[in-house]
Amino acid sequence: MFKKGLCVVLVGCLLGFAARWGAIAKYRLASEINPSHADYYKVICGPMSLSCAMARLGVNATAAQVAKTCRVTPYGVSLIDLADFAGGQSTIANTITELSWDDLRNINGVAVLFVNGDHYICVDPRVDNSDGSLRVYDGDAPARWCSRTELERIWTGKALVLEKRRPATPSDRPQLEWDECYIDHGLIPQGEAPVYAFEFHNRGCQDLIVQDIKVSCGCTKPTLSQKRVAPGETARIEVSLNLEGREGRVQQSVFVETNDPIIPISLLRVACATPRRRAISTEAMRFDDISRGGQLKQQFIVAAPGFEGIEVRNANFNLEGNAISDRDLSCSISWKPIRAATKMLSSRLGFAATPGDYLIEVAFEARNNCPIETFRGELVITVDSNAVPATHRVSIEGSVVQDAYAAPQVALITLGPGPNDGGAAEIRLRSRTHKRIQVNRINTGGVHALQIALKKGTGEREATYVVSTRLPKILPGDVPVSGEVVFELEGNSRVTVPVTIFRAPAIKLPEDRSNGSQAQ
């Protein structure tokens, strides 16, 4: 019994471990390749900050590579895991320590800081500013300056410090060393053409040769100072960006191929942001054909033009006129930070979205007895941008229609050429909200000889009726006879279908004269 119980315990532990490992592995996969995951930016901020810090020191490592090596969990990643990854780089020395503001300003390198109890940012004190603030890199947001007061409000002193470490003896081959691999100019004025200068050195004992330079976009133009770099010499690549017609966050890559046997291809990244011309993705919306008892939703984006971040405080919709009241037509408004899926939303809504922007969803729902009318009104959104309130207004127009409708909208009955020949047409009743069609009564107007029957095999969400008649008094060529069929439905609604009836003319076939003249 003891052995049997022990086996059960061991099997349970193994299954629990497998489930936990599977969940972690699945989440790690999501953090690497699925930016649309709800918590992507929450767990990837550590790898992104370390990737940025290493690139500022001239070492290439993408956020995906860091996330793949570190133990990324649904709760993020620890400073120890980030330090272990950085420790695997021979050209970087790293230390986890507690720093003050003054200590941070005096380090000869960069630092990854743990802030707000759940987030990482990269700080480079080597980038000087006249007012004493520090350069901060925070995920996909543009680089910005951060004051002592602002940083100490969110940072307790925990930091991973990275400094460049140079090999004691030079290589007997070409050896490439970059001063930095990533430059972010932050927010720049509209119309400015930014230029980025990347300096590199040959620390080896043979000539370093730049064999090729490729770019990720035609807007990026690299200029090389010299193709061959002797041992101990320094060269540079200047990268210019053409931002004509572009707004929002811009990030491009430059791939440099050399004869360095250890690092044959280097990745240089450039970034900046230009103020968006609009702070809202649309100023007018249309909600056409909201069916009674149905709902219609649309989305738009609210942003801060300067990328400083916003917070939506309030939103409300005000109906204009008295044709429809808010008791008949309700409007619900919800909002949330975008965080991820910025590329998908930017493409769908035609707006340069960033993770700090807000996605607003507006939903209208019409009651079953809502008047069938058009409506209009104004949506007012109140936001805070750096504690400064702002108001955005969106004009909204729409219409309420009946849920049930007929297809076709006009029934055309063609009678045969003979006086006793009849004809028929089908009318399909459908629901816009896919509800059950319940016909309580059918009336006819204008023509009393119409016969109406429910077609066999009709489902609950679509009712097909066959309308037939004979009308022997109608002759070929007569003016068509008009009538209508009125379907009275559940909920005191009705669908009226006009009916047009005419008789087809008799078609005379030409005589067949192919057999020649009549026999004599």
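Two strands count as paired if DSSP finds at least two bridges between them. I kept that in mind while going through this model, which is predicted.

I started with an open sheet of four strands, ordered 23-25-28-27 and paired antiparallel. Its edges are strand 23 (404-407) and strand 27 (451-454), each pairing on one side only. From one strand to the next I get an average twist of 25°. Strand 27 runs antiparallel to strand 28 (residues 462-469), and four bridges join them. I looked up one partner here: Gln451 bridges to Ser468 in strand 28.

Between strand 19 and strand 20 (residues 358-366) I find nine bridges, and the two run antiparallel. Opposite Ser332 I see Ala363 of strand 20.

**Whole chain**

I then stepped back for the totals. The chain has seven helices and 30 strands. Of its 520 residues, 41% count as buried. The accessible surface is about 28,300 Å², with 50% of that belonging to carbon and sulfur atoms. For contacts between residues at least 6 apart in sequence, 67% join residues at least 24 apart.

**Leu268**

Is Leu268 buried or exposed? I found Leu268 buried, because its relative accessible area is 0% and the cut-off for buried is under 20%. Leu268 sits in strand 15 (residues 265-274). Leaving out residues up to four places away in sequence, its contacts include Trp178, Cys181, Phe198 and Val254.

**Cysteines**

How many disulfides does the structure hold? I count zero. Cys272 is in no disulfide, and the nearest cysteine sulfur, that of Cys219, is 9.1 Å away. Cys272 is buried at 0% relative accessible area, and Cys146 is buried too, at 3%.

**Salt bridges**

The structure holds 23 salt bridges.

- Arg286 and Glu397 meet at 2.7 Å, N to O. Arg286 is in strand 16 (residues 284-291) and Glu397 in strand 22 (residues 388-401), so this pair ties together parts 111 residues apart in sequence. Arg286 is partly exposed at 45%, and Glu397 is partly exposed at 28%.
- Arg376 pairs with Glu320, their closest N and O atoms being 3.5 Å apart. This one links strand 21 (residues 374-385), which holds Arg376, to strand 18 (residues 311-320), which holds Glu320; the two residues are 56 apart. Arg376 is partly exposed at 43%, and Glu320 counts as partly exposed at 43%.
- Glu426 and Lys455 meet at 2.7 Å, N to O. Glu426 is in strand 25 (residues 423-431), and Lys455 is in the loop between strand 27 and strand 28, 29 residues apart. Glu426 is partly exposed at 31%, as is Lys455 at 37%.

Which residues share partners in one network? I have Arg286, Asp288, Glu320, Arg376 and Glu397 joined that way by salt bridges.

Key. Residues are numbered from 1 along each chain as its sequence is written. This is a predicted model: local features need pLDDT of at least 70, side-chain atom pairs count only at pLDDT 80 or more; totals for chains, interfaces and linings use all residues. Side-chain values use heavy atoms; hydrogens and water are left out. Buried means under 20% relative accessible area, exposed over 50%, partly exposed in between (1.4 Å probe, protein chains only). Contact means heavy atoms within 4.5 Å. Accessible areas come from the Shrake-Rupley method with a 1.4 Å probe; for residues, only the protein chains shown count as cover. Axes are lines fitted to C-alpha atoms, for helices over the stretch in contact, and angles run from 0 to 180 degrees between N-to-C directions. A disulfide is a pair of cysteine sulfur atoms within 2.5 Å. A salt bridge is a side-chain nitrogen of Lys or Arg within 4 Å of a carboxyl oxygen of Asp or Glu.
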